[in-house]
Amino acid sequence: MGYTTIANVAGMFPTFARGTAQQKPADTLIQTYIDDVAAEINAVLVRRGFVATGLAATGIQALLSPDAANICEMINRYGAAAQLGQTLATFGVLSAGTLAKTFADNYQRMKNDLDARDAQSRPLASGPYDKYFDPQARTETAQPALKAIAGGDQPEGQTPADTGSSQVFGKFDKRGT
């Protein structure tokens, strides 16, 4: 059981018609794509400790907040759409192949974000989605960077120590005199 639906995945290709006898690929194959990608998502969630090992897919989904479930749905949809697009391209729908490449790139980026990996798959300290899966996850903020003194705005002769800053050197520091 995946995080998304066949209708959502097929909807990524506006000209793909479902529900006809000539539909290729069949809904059962699209569901297989969804289930394959959902298994990858579940593996990441278990490996990162967001959910317990050994839970069924429905058990994992029941533990997620609405925002976390939406993130999983989006990743699942893009991954399955990439596979569907590759299949449609083999039937001669060339634009679907181009679209599938875009979906695959987005899927890989989002999966890396979930897995806290950079573009080269090297581990990162945290990922941008972590707070949605673990409320106690580290949340990065820009605020500490906004409390600095550039130096050019200091009066002549003022050192960082005079303002309570802890940087080693300042604009008017004189060492060794």
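**Fold, backbone and a helix pair**

Of the 177 residues of the protein chain, 36% count as buried, where buried means under 20% relative accessible area, exposed over 50% and partly exposed in between (1.4 Å probe, protein chains only). This is a predicted model, in which local features need pLDDT of at least 70 and side-chain atom pairs count only at pLDDT 80 or more, while totals for chains, interfaces and linings use all residues. Residues are numbered from 1 along each chain as its sequence is written, and side-chain values use heavy atoms, with hydrogens and water left out.

User: How many helices and strands does the protein chain have?
Analyst: Helices (H or I, at least four residues) and strands (E, at least two) are DSSP runs, numbered from the N terminus. Read from the N terminus, the elements run α-α-α-α-α-α-α. The count is seven helices and zero strands.

User: Which peptide bond is cis?
Analyst: Most peptide bonds are trans. P25 sits in the loop between α1 (6–10) and α2 (27–47). With omega near -5°, the cis bond is the one from K24 to P25.

User: Is A116, with its positive phi, buried or exposed?
Analyst: Most residues other than glycine have a negative phi. A116 has phi near 55° and lies in the loop between α5 (94–115) and α6 (130–133). Because its relative accessibility is 4%, A116 counts as buried.

User: What is the relative accessibility of S121?
Analyst: S121 also belongs to the loop between α5 and α6, and its phi is positive, near 65°. S121 counts as partly exposed, because its relative accessibility is 40%.

User: Are α4 and α5 roughly parallel or roughly antiparallel?
Analyst: Axes are lines fitted to C-alpha atoms, for helices over the stretch in contact, and angles run from 0 to 180 degrees between N-to-C directions. Helix α4 (residues 66–90) packs on α5 at an angle of about 150°, with the axes 8 Å apart. Angles under 35 degrees count as roughly parallel, over 145 as roughly antiparallel, 65 to 115 as roughly perpendicular and the rest as oblique. The two helices, α4 and α5, are therefore roughly antiparallel.

User: How many charged residues are in the contact of α4 with α5?
Analyst: Contact means heavy atoms within 4.5 Å. Residues of α4 including M74, Y78 and L88 meet residues of α5, among them F103, Y107 and L114. Ala, Val, Leu, Ile, Met, Phe, Trp, Tyr, Cys and Pro count as nonpolar, Asp, Glu, Lys and Arg as charged, and the others, Gly among them, as polar. The contact has 14 nonpolar and five polar residues, and the charged ones number no residues.
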